[in-house]
Amino acid sequence: MDSPDPDGLLAEQLLRLTRRLQRIQSRQLEPIDITPAQFRLLRTVAHYEDPPRMADLAQRLDVVPRAVTTLVDGLEANGRVRRAPDPTNRRVVRIEITEEGRATLRSLRNARKAAAEEILAPLTAEQREVLGGLLTALVDGMPERRRC
């Protein structure tokens, strides 16, 4: 008989939890009419002090520039971002978040909080604190990668 594989079981539990969180978040994003990838891009644009270039976004998100163009097209069609000419180089286009984009981010943060509350509901405050510490240790122990 095979002995139990605790690490394998943990990995499976983490994957199941991740899928559940993604399902809950997708369900909450649907009425807002935004995809998870668009949400990530919108959140990234909002982090810049000055409007970023498409190339900046592609590099920060670790995707090809064409993927950023497609995401910006969708967000621009919904009025959440706008393309603006760079004041110093007319060949460069900057991506600015609009007021609609900021309002969307607020709604998305609320949706994300609700998803977390749903997932964490069975845990006590003490258990949540312990889980937070464990997750921080796992995230901080990961090889360096850009995080948004």
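Start by selecting helix 2 (residues 36–47) and helix 5 (residues 99–120), helices here being DSSP runs of H or I with at least four residues, numbered from the N terminus. Helix 2 passes helix 5 in a left-handed crossing, a label used if the near helix is turned anticlockwise from the far one by less than a right angle. This is a predicted model, in which local features need pLDDT of at least 70 and side-chain atom pairs count only at pLDDT 80 or more, while totals for chains, interfaces and linings use all residues. Residues are numbered from 1 along each chain as its sequence is written, and side-chain values use heavy atoms, with hydrogens and water left out.

Now look along the pair. Their axes come within 10 Å and cross at roughly 120°. Helix 2 and helix 5 are therefore oblique to each other.

Next, show side chains at the contact (heavy atoms within 4.5 Å). From helix 2, pick Phe-39, Leu-42, Arg-43 and Ala-46; they meet Gly-101, Thr-104, Leu-105, Leu-108 and Arg-112 of helix 5. Coloured by class, these residues divide into five nonpolar, two polar and two charged.

For the last stop, select Val-45, Ala-46, Tyr-48, Ile-97 and Arg-102, which lie nearest the centre of the second largest pocket among its 14 lining residues. That pocket holds about 180 Å³ of space. Helix 2, strand 2 (93–97) and helix 5 each supply at least two lining residues, and helix 5 gives the most, with four. What classes make up this lining? Eight residues are nonpolar, none is polar and six are charged.

Key: Axes are lines fitted to C-alpha atoms, for helices over the stretch in contact, and angles run from 0 to 180 degrees between N-to-C directions. Angles under 35 degrees count as roughly parallel, over 145 as roughly antiparallel, 65 to 115 as roughly perpendicular and the rest as oblique. Ala, Val, Leu, Ile, Met, Phe, Trp, Tyr, Cys and Pro count as nonpolar, Asp, Glu, Lys and Arg as charged, and the others, Gly among them, as polar. On a 1 Å grid over the protein atoms alone, a cavity is a set of points where a 1.4 Å probe fits but cannot get out, and a pocket is an open set with protein on both sides within 12 Å along at least five of seven lines; lining residues have an atom within 4 Å of a point. Grid points are joined across faces, edges and corners, and a volume is the space filled by probe spheres set on the points.
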